[in-house]
Structures are given as C-alpha cells and as structure tokens.
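Dear colleague,

Please find the structure we discussed below, together with its sequence. My notes on what was found in it follow.

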Amino acid sequence: MRNKTLLIATLVLGLVAFAVVRLSRETAEAAPAATPLVDPAVFGSLKSLTIKSGPRTVTVMKSGEAWTVSERFGLPADVENRLLPLIRGLQKARQHGQLTANPKRLEKLGLTESSVTLATTDGRSVVVEFGKPTEDGLGNSARLAGQAFALRTDFSTHLEGDAASWVDLTLFSAKPADIKTVALNWKDGRVELSRKSAGAPFEGLDAAALEEIVATLATFRAAEALAKDDADAAKAPRSVEAKLTTFDGATVTLAFAKLAGTKPDDAGKLFVRVTHSDPKHPANAADKLAVFTAPSWLSEQIPASFADFKKAGQPAAPAAPSLLPIPGPAPTLPSPLQPSK
C-alpha cells in the first residue's frame, strides 16, 4: 500500500512538472519579440540624417566615405562623438507596444519637439518623433510618421540640434614626441629647435619653452568655425606663425591672427589658419570652407611677439633678502628733551 501511494505521488509530481514546463514554453513562444524602432535595412543605405531638437535643426550628409555638416559650410562631422552614438542608439532601439492614442496625452508627450529623419540612397525617408520619457523609465516615447499613436521605446540617446556641436574641429593631431622640428616666426624675431630622435628633448637655450608649446599645438582643436568672409577675421593682424615638422617629413603650419577686444573685459578673438604639406590632408579642405578661431586660453600659451617669448623665458629676479631680527634686548629710545624752566 505504501509503495502504491509513493508511485501515485511520483506520477502526480511528474505531471505537474510537465505542465509547468509546457506552460512556460508556450508563454515564451507566445511573447512577441520587440520590433526594431527603425527598419534595419535603412541603416545599410543611409544618405543623410536630419536631427531636430527644439528650435534647432542640423543635417549630416554622406559624401563618398565622409560625413559633413550642411549648416556648417560642409565641414567634416564629428563621427566618433556624435554620429556613431546616434546611429547605434537608433539601431538598438525597440518598440515595446503602444503607449497611447489619446490626443490629449499625445500633446503632453511633446512629440513635435524632437525628431530624426533618416534618408536613404534609394529614396526612402523614415521620420521618428521623440517625446518625453515613459513613466516606467524604459526610454523615450516615440511616434513614427503617419501613426496616430505613440510607442513605448527603449531609446534614450540625447538629440543635439546645434549644428556647431556636430563639426569635428580637430584640424591636426600628432604625438608631441613625433614632432622633429618646431619653428616660431614673429615680426620681430624667430626661434627654431629640433630633436635628434623621436621622444628626445629639444636641444637649445629655449628647449623647455618650446616643449610646452609643442605639447599645446601637437593636437589642435579649433574653438569655432566661421564664414570665409568673416569681417573680424579679415582685419585681424598677424600674431605668430608656428611650423611643426614630423619625423616622417610632414609639415603643418598654424598661422595666428589676434584681434583685440573693444572693451576692457573683452579678450578679443584669436584666429588660426591650419594648412598641411600633404595636399590631401583634411586641414587643407577645411581651410577652403571656413575660418577658425582658437580657444581663448591659447593666447596665454603662445607669445604674441619674439620679445614676449624671450621675456617669458628669463628667470625671475631674485627676491630681496629679508632682514633678520638681531637677538638681544630691545634698544632703549632716548626720551624727548624736557623744556628748561
């Protein structure tokens, strides 16, 4: 009797386990897979992306193998920091069901404030509007063009509509140790030093000062790109020209021009023109498209004249020796003379 009871209990437990496994499998199979927010085929033939964020809009176009910013003179786009993160975010984004079709709720989501338009080489155009984050924190609400309802998505990448922030302003980049020769030319003088080998120190009286300047200029990122006919750039007088020659024979020239400010608290503008000995270097193409300004702090790093350069390299005058107190009792001061009676 006992064995029979154990057998029945075992059969019951087996049936229960089988039912649990079967139900779990059916539930998993019934659960729909999250649909991509954007058709993956779109990314294989992208021609441009137009990003709208608030009142600002920027269009990034593909030209050959390069991406350029239409609203900034066709300058190269910042692919690593701007374009790739956005594309990857859109590729990973999934739809997680309908959020709402209520017109009043749709209005509160702010779906008309931000959007991304993806255009392809075969004429397709996909528009995705993005609104406020969903209440569960999954991601931003979204709506595809033509839909009357909003979607729950896991997209949360920041959208930037400022065209200036999309430009790659790095005009030249090299390791400071790979700079063989540095030459600085002012109206009132010139200095030039070289290294014997990569990584070796510069040799000469002003070696330490030039090491600092090379470290500052070896990777040069402009502050802003302006139109070629910028009036301030046209009247800015030349300040200094720096030539950096690498061990492989390439030379980059950075020509600075400083326009003084018109007010006591106005630091003015420091313009820079960057050209490269290789005609195919991106700096030469950028130079034909725009005028660039240098970061304001660079004015303190690059002397405006040869006289300033030499003055900065002079050792500071020794401080006057302080007078040490002489030990002993305090001296007795004579009393004032008393008037005679």
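Please bear in mind that the model is predicted.

Phe292 deserves a separate note. With its neighbours within four places in sequence left aside, Phe292 is in contact with Leu75, Leu169, Leu171, Ala222, Glu224, Ala225, Phe271, Val272, Ala286 and Asp287.

The last two of these residues, Ala286 and Asp287, bring us to helix α7. In this helix, residues 282-289, the buried residues are Ala283, Asn284, Ala286 and Asp287. They lie on the same side of α7, because they cover an arc of only 165° around the axis. Pro282 and Lys288 are exposed, on the face turned away from that buried side. Among the elements that cover the buried residues of α7 are β5, β11 (170-173), β18 (269-276) and β19 (291-293).

Next comes the sheet. Ten strands form an open sheet with antiparallel pairing, in the order β1-β6-β10-β9-β8-β7-β2-β3-β4-β5. Its edge strands, β1 (35-36) and β5 (75-76), each pair on one side only. Strands β2 (residues 46-53) and β3 (residues 56-63) run antiparallel and are joined by 6 bridges. Ser53 stands opposite Arg56 in β3. Helix α3 (residues 79-92) packs on the sheet, where α3 touches β2, β3, β4 (66-69), β6 (94-100), β7 (114-120) and β8 (125-133). The direction of α3 makes about 95° with that of β2.

Finally, consider Thr120, which has its place in strand β7. Is Thr120 buried or exposed? Thr120 counts as buried, because its relative accessibility is 1%, and buried means under 20%. The side chains of Thr120 and Asp122 are joined by a polar contact of 2.2 Å. Not counting residues up to four places away in sequence, Thr120 touches Val42, Ser45, Leu46 and Lys47.

Yours sincerely

How values were computed
Residues are numbered from 1 along each chain as its sequence is written. This is a predicted model: local features need pLDDT of at least 70, side-chain atom pairs count only at pLDDT 80 or more; totals for chains, interfaces and linings use all residues. Side-chain values use heavy atoms; hydrogens and water are left out. Two strands pair if DSSP finds at least two bridges between them. Helices (H or I, at least four residues) and strands (E, at least two) are DSSP runs, numbered from the N terminus. Contact means heavy atoms within 4.5 Å. Axes are lines fitted to C-alpha atoms, for helices over the stretch in contact, and angles run from 0 to 180 degrees between N-to-C directions. Buried means under 20% relative accessible area, exposed over 50%, partly exposed in between (1.4 Å probe, protein chains only). A polar contact is a pair of N or O atoms within 3.5 Å; within protein, one must be able to donate a hydrogen and the other to accept it, and residues adjacent in sequence count only if both atoms are side-chain atoms. The arc is that of the directions from the helix axis to the C-beta atoms.
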